[in-house]
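Let us take a friendly walk through this structure together. Please have the sequence and the model open side by side.

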Amino acid sequence: MAAWGERLAGVRGVLLDISGVLYDGGEGGGAPIAGSVEALARLKRSQLKVRFCTNESQKSRGDLVGMLRRLGFDISEGEVTAPAPATCLILKERGLRPHLLIHDGVRSEFDQIDTSNPNCVVIADAGEGFSYQNMNKAFQVLMELENPVLLSLGKGRYYKETSGLMLDVGPYMKALEYACGIEAEVVGKPSPEFFKSALREMGLEAHQGTRVLALVWEDPTCHGATGPVSHNC
């Protein structure tokens, strides 16, 4: 395997996932992964541009950043690309009024969105909110629409917390796809547009000759990557 110095040659920016890379969630906010606080500090002292690209959809960006700062990480809200704000932009641009099947912790991100008379469904990692009643309501909304639209904040299968593995939004998204005979639009990883938006916010363009080092937690829905991997973008 090539030395890290060689592998980093020409790299201009670093895209970091958060859950499973910086910390494992859980009771009391979770715990930093060993060495992650120091590794991030070292990256920020380098000449590389650093940005965080997450599918976190149980917390608002502000709450997520506040929790990470309490764990010792040097991070600001403006450095985080997350699916909820990106979804809000899509809803406004397309005149969509969502029925929200989301976690209460991220609901504040949608405070400025019109949810009356829904013409789409937005699904995120709702945790305990994924009851039969709530899933069935989302199904009913979609089935009543002539052109049903399902927006999903990521499509992960599962993630790790300090208490063990937890189901993510993906299985519930797939259930609605199957029941309604539709295909969801994914906002978040592994959507190429989500990564491109993060690059734009870093001031980097996705063209030949620009490389971004992405550190990705083991996730079979996100490039099939396990651990630190380098991507040409």
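Two strands are taken as paired if DSSP finds at least two bridges between them. With that in mind, look at strand 11, where E185 is the bridge partner of L151. The model you are looking at is a predicted one.

Strand 8 covers residues 150-153, and strand 11 covers residues 185-187. These two strands run parallel and are joined by three bridges. Strand 7, residues 120-123, also runs parallel to strand 8, again with three bridges joining the pair. Here V122 is the residue that stands opposite L151. How does the chain get from strand 7 to strand 8? Together with helix 5, residues 132-143, the two strands make a right-handed β-α-β unit.

Now turn to the side chains of strand 8. In a regular strand, side chains alternate between the two faces of the sheet. Accordingly, L150 and S152 point one way, while L151 and L153 point the other way. Which of these residues are buried? All of them are, on either side of strand 8.

Helix 2, residues 36-45, shows another arrangement. Its buried residues are S36, L40 and L43. They lie on the same side of helix 2 because the arc they cover around the axis is only 60°. On the other side you will find E38, R42 and R45, which are exposed. What covers the buried residues? The cover includes strand 1 (11-16), strand 3 (31-32) and strand 4 (49-53).

Next, find M67 in helix 3, which spans residues 61-70. Is M67 buried or exposed? Its relative accessibility is 5%, and buried means under 20%, so M67 counts as buried. Setting aside neighbours within four places in sequence, M67 is in contact with Y23, G29 and K59. The C-alpha atom of M67 is also 9.0 Å from that of G30, although the two residues are 37 apart along the chain.

Finally, step back to the whole chain. The protein chain contains seven helices and 13 strands. It has 233 residues, of which 46% count as buried. Of the contacts between residues at least 6 apart in sequence, 65% join residues at least 24 apart. The chain exposes about 12,000 Å², and carbon and sulfur atoms supply 50% of that area.

Definitions and conventions: Residues numbered from 1 in each chain as written. Predicted model: local features only at pLDDT ≥ 70, side-chain atom pairs only at ≥ 80, totals over all residues. Heavy atoms only, no water. Helix = DSSP H or I, 4+ residues; strand = E, 2+ residues; numbered from the N terminus. Buried < 20%, exposed > 50% of the residue type's maximum accessible area, 1.4 Å probe, protein only. Contact = heavy atoms within 4.5 Å. Areas by Shrake-Rupley, 256 points an atom, 1.4 Å probe, with all protein chains shown as cover. Arc of directions from axis to C-beta. Right-handed = clockwise from strand over helix to strand, strands pointing away.
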